[in-house]
Protein chains: 2
Amino acid sequence: MTDNRLDTKNKILAIAEGLFADLGFDATSTRLIAKEAGVNIAMLHYYFGGKEGLYVAILEKHFTENRLRLQNINNDNISSFEKLEVFIDSYVDNMKRTRSIQRLMYIEMSLSLRSKLNDHIIELLSKNLQQIKKIIEDGVANGTFNKVDSDMLIASMFGTKIYLINASPVASLLFNGHANNEELLTDELLVRLKAHLKKMFKLYLTKS
Amino acid sequence: MTDNRLDTKNKILAIAEGLFADLGFDATSTRLIAKEAGVNIAMLHYYFGGKEGLYVAILEKHFTENRLRLQNINNDNISSFEKLEVFIDSYVDNMKRTRSIQRLMYIEMSLSLRSKLNDHIIELLSKNLQQIKKIIEDGVANGTFNKVDSDMLIASMFGTKIYLINASPVASLLFNGHANNEELLTDELLVRLKAHLKKMFKLYLTKS
DNA sequence: AAAAATTAATCAATCGATTAATTAAATTTG
DNA sequence: CAAATTTAATTAATCGATTGATTAATTTTT
């Protein structure tokens, strides 16, 4: 592909991702995407087959990116506690960068209108799920962790993230005292989030 | 109002709430609402002024219902621990009944496209927020609870609920091993959720 | 008879998508 | 290398369908 072709494709992908995340799938018109990206509407269908094809392409882009990232974590020869902390750190560190696409995915999954997209999203999210599950199960097997309702614990971890990302207005009310739209995910809050999740897991998996 | 008028209004409200929760605001057409409710499209504008007015009416209905429910909890002369458990029990017990409207609210808040609706939602959700905050702060003040990052703890509680309601496909994967659309919020799961939240709060607020 | 409720028909606007025509780039050929 | 040809990329215009909303006429209730 030439540089121009890549430019056009990537510009559409980048603009569309932001608009989809801000407005949702239905409220984002192909005309708006084309206008903001500075390209003709037909290019959107030319490259991606249509609005839904573009949506899938955005998810698949992050899907492959995320797959590469996930591979080299669980191979290390460290304790279950350290694995847990590494996972939480990397999980929280990724939040700022992947905020748009995550908001997008959870909205889409919540509605479950487009089954093809839904399958993609579930496949992507289940990767994280399996990874943390394995860390905990291994820890239980080697006696580091107690046998507890780890699924609920995992639900609380992912849920806390969703609350900060997808319910940011009311989360701002909780953390800042007002529900405006200033940036909630400050570095300070992410540090607090890491400490909180580590503490929660540690207490739950050992002191119970 | 006559019985017929009430029937028509309430039928529209009930049908629209389900459709909005299932499809989202944009994907739910006024024609579909009218068809499912068995009324003329014009009735929707006649009673509610339009699609968005209907949306607001649905929220306000739950808004007032919820306000009545919230009043008589915090007056009891019980310990902070018991208040916490009462709150969690009532919070979880309300999940099944309010699942549709809660899914709807969090989707709407996540997109934040309609500021009038957003204000309503934030006002409604902040009631729960203030209530649990007061319980914890009182507990800290009277020495029952440790001084901890209670805001993060609250975020985890609300987040866990959102995860079960709005991310139900991947939550089903976590709890049932498959991501189908069978009912996730079984009585058994709600019991587990209660136990988990109580344990999480107790550990966090005392053993840290 | 007056008011309220309901209906059918239609409005302009916007949607995603597609077409045919045009320009730019790449490839082949002499 | 350069002209000719083919392919790729882009544009403007338009398609039918659907959207939320409204109107005027009709039926029902008071």
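Biologist: Why does A:F25 count as buried in this predicted model?

Modeller: The relative accessibility of A:F25 is 10%. Buried means under 20%, so A:F25 counts as buried.

Biologist: What makes A:F25 and A:Y55 an edge-to-face pair?

Modeller: Their ring centres lie 4.7 Å apart, and the angle between the planes is 75°. Rings pair if their centres lie within 6.5 Å, and planes over 60 degrees apart count as edge-to-face; therefore A:F25 and A:Y55 are an edge-to-face pair. A:Y55 also counts as buried, at 3% relative accessibility.

Biologist: Why is this pair said to tie together parts that are 30 residues apart in sequence?

Modeller: A:F25 belongs to the loop between α1 (3-23) and α2 (30-37) of chain A, whereas A:Y55 belongs to helix α4 (residues 51-70) of chain A, so the pair ties together parts 30 residues apart in sequence.

Biologist: Why is the pair of B:F20 and B:F25 called stacked?

Modeller: The planes of B:F20 and B:F25 are at 20° and the ring centres are 5.5 Å apart. Planes under 30 degrees apart count as stacked, so this pair is stacked. B:F20 counts as buried at 2% relative accessibility, and B:F25 counts as buried at 10%.

Biologist: Which residues do ring pairs link into a cluster?

Modeller: The cluster consists of A:F87, A:Y91, A:F158 and B:Y163. Over all chains, the count of aromatic pairs is 17.

Biologist: Where does the charged end of B:K199 sit?

Modeller: The charged end of B:K199 sits over the ring of A:Y204, 4.5 Å from its centre. In chain A, A:K51 lies over the face of A:F25, at 4.5 Å from the ring centre.

Notes:
Residues numbered from 1 in each chain as written. Chains lettered and ligands numbered in written order. Predicted model: local features only at pLDDT ≥ 70, side-chain atom pairs only at ≥ 80, totals over all residues. Heavy atoms only, no water. Phe/Tyr/Trp six-rings, centres within 6.5 Å; stacked < 30°, edge-to-face > 60°. Helix = DSSP H or I, 4+ residues; strand = E, 2+ residues; numbered from the N terminus. Buried < 20%, exposed > 50% of the residue type's maximum accessible area, 1.4 Å probe, protein only. Lys NZ or Arg CZ within 6 Å of the ring centre and 35° of its normal.
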